[in-house]
Amino acid sequence: MISVTMRAVVLSGPGPVENLEIKDLPMPQEREGWVRLRVEAFGLNRSEYHTRLGFAQGVTFPRVPGIEAAGTVDWAPEGSGLRPGQRVVTMMGGMGRVFDGGYAEYTLVPREQVIPFESELPWEVLGAVPEMLQTAYGSLTVGLDLQPGQTLLIRGGTSSIGMAAAALAKRIGATVLATSRRAERLDTLRERGVDHPLLDDGEVAAQARALYPVGVDAALELVGTPTLPDTLRATRIHGTVCMTGMLSDEWTVPDFYPIGYIPSGVRLTGYGGEAADLPREVLQQVLDDIAAGSLSLPISHVYDGLEQVRRAHTDMETNAATGKLVVRVRHPS
């Protein structure tokens with residue numbers, strides 16, 4: 001017998017982790033053009049922390065958070081090209097903001113943001129991949145157009161996106177510099193293949209130019225606007241800085257005067273992608289490479305069950321982890 005209810009984490013309104021509560025909700029109803037997924041795992045993202053604090057725009061409450069999920073097709077409309085039981089990932093497109101997201105046993109999402117794949121990797125690994133890969137891949141390709149032989153500075157290198165970007169950049173053939181504010185995490189960057197781990201003391205530009213006097217070719221800004229001017233100063237003329245992340249929780253520049261803010265000749269771009277920005281073949285290749293052991297994406301901790309979401313949010317809020325945080329969903333037997 002098909003269940004008419006499911007368990008989900010519901011955010012009652014902006015505030016502390018106590019506002020995340022497990023509740024029984026009606027099973028998402030079938031809807032033309034949408035796909036219902038049985039969620040097996042989902043990664044945590046900084047944007048969900050921002051949603052919890054009330055910073056995200058367009059969110060109504062109560063809301064099931066979660067901008068990504070990995071699982072199987074539970075129901076799909078005819079002609080969708082999907083079949084029940086097929087392994088898929090989904091991300092973005094209003095998940096967890098405009099409509100209920102991935103912090104649940106089931107979620108209903110638009111067909112266009114569902115990406116099928118074939119892999120026997122554990123669900124906790126698959127749950128870590130979608131948004132981390134989409135953001136890192138899109139930042140390097142769309143945002144920076146990174147080329148073999150170039151130098152890349154990653155500001156915020158021990159974040160999940162930072163470490164994923166480092167791994168992908170090395171595969172492209174770039175030389176990678178990456179930062180951490182904690183000296184004890186520099187070895188982690190080195191173990192992840194970073195060529196030049198840098199302690200972020202606020203003056204990274206000087207360290208980068210000590211290694212590359214004309215500046216780096218490309219820079220990925222994941223910390224936010226407080227460090228962006230220094231990241232721009234680390235970049236060569238005709239080099240590119242892509243602002244993607246907001247680990248600092250600061251994302252606007254007051255009284256922005258471009259000529260005075262951006263060094264002459266340096267290019268400043270941004271990246272904010274959707275599921276459509278992650279090609280299916282790229283996802284499949286990355287999963288194949290992870291399975292083969294030729295690529296490793298950073299997973300910091302796996303939490304067992306929806307009951308662990310508050311703990312996971314606390315760890316994310318206090319920057320207690322290096323790498324991706326993943327929740328494995330446990331369904332009733």
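Modeller: This is a predicted model. Start with helix 10, residues 309-317. Val309, Ala312, His313, Asp315 and Met316 are buried there.

Biologist: What makes the buried residues of helix 10 line one face?

Modeller: Look down the helix axis. The buried residues of helix 10 fall within an arc of 160°, so they line one face. In general, an α-helix has 3.6 residues a turn, so residues three or four places apart point the same way.

Biologist: What covers the buried residues of helix 10?

Modeller: The cover includes strand 1 (5-11), strand 2 (20-26), strand 3 and helix 1 (46-53). Strand 14 (299-304) and strand 15 (324-328) also belong to it. After helix 10 comes Asn319, with a positive phi near 55°.

Biologist: Why are Trp34 and Phe99 called edge-to-face?

Modeller: Two tests apply. Ring centres must lie within 6.5 Å, and planes must be over 60 degrees apart. For Trp34 and Phe99 the centres are 5.0 Å apart and the planes stand at 70°, so the pair is edge-to-face.

Biologist: How do you know that this pair links distant parts of the chain?

Modeller: Trp34 sits in strand 3, and Phe99 in the loop between strand 5 and strand 6 (106-110). They are 65 residues apart. Both Trp34 and Phe99 are buried.

Biologist: What makes Phe256 and Tyr261 edge-to-face?

Modeller: Their ring centres are 5.2 Å apart and their planes are at 75°, so the label is edge-to-face.

Biologist: Are Phe256 and Tyr261 buried or partly exposed?

Modeller: Buried means under 20% relative accessible area, and exposed means over 50%. Tyr261 has 18%, so Tyr261 is buried. Phe256 has 39%, so Phe256 is partly exposed.

Biologist: Why is strand 4 described as largely enclosed?

Modeller: Count the residues. Strand 4 spans residues 68-75, and seven of its eight residues are buried, so the rest of the structure largely encloses it.

Biologist: How do you know that strand 3 and strand 4 pair?

Modeller: Pairing takes at least two bridges. Strand 3 (residues 34-43) and strand 4 have five, in the antiparallel sense. Val39 has Gly71 of strand 4 as its bridge partner. Strand 4 and strand 5 (residues 87-91) also run antiparallel, joined by five bridges. There, Ala69 stands opposite Thr90 in strand 5.

Conventions:
Residues are numbered from 1 along each chain as its sequence is written. This is a predicted model: local features need pLDDT of at least 70, side-chain atom pairs count only at pLDDT 80 or more; totals for chains, interfaces and linings use all residues. Side-chain values use heavy atoms; hydrogens and water are left out. Buried means under 20% relative accessible area, exposed over 50%, partly exposed in between (1.4 Å probe, protein chains only). Helices (H or I, at least four residues) and strands (E, at least two) are DSSP runs, numbered from the N terminus. The arc is that of the directions from the helix axis to the C-beta atoms. Contact means heavy atoms within 4.5 Å. Rings of Phe, Tyr and Trp (its six-membered ring) pair if their centres lie within 6.5 Å; planes under 30 degrees apart count as stacked, over 60 as edge-to-face and the rest as tilted.
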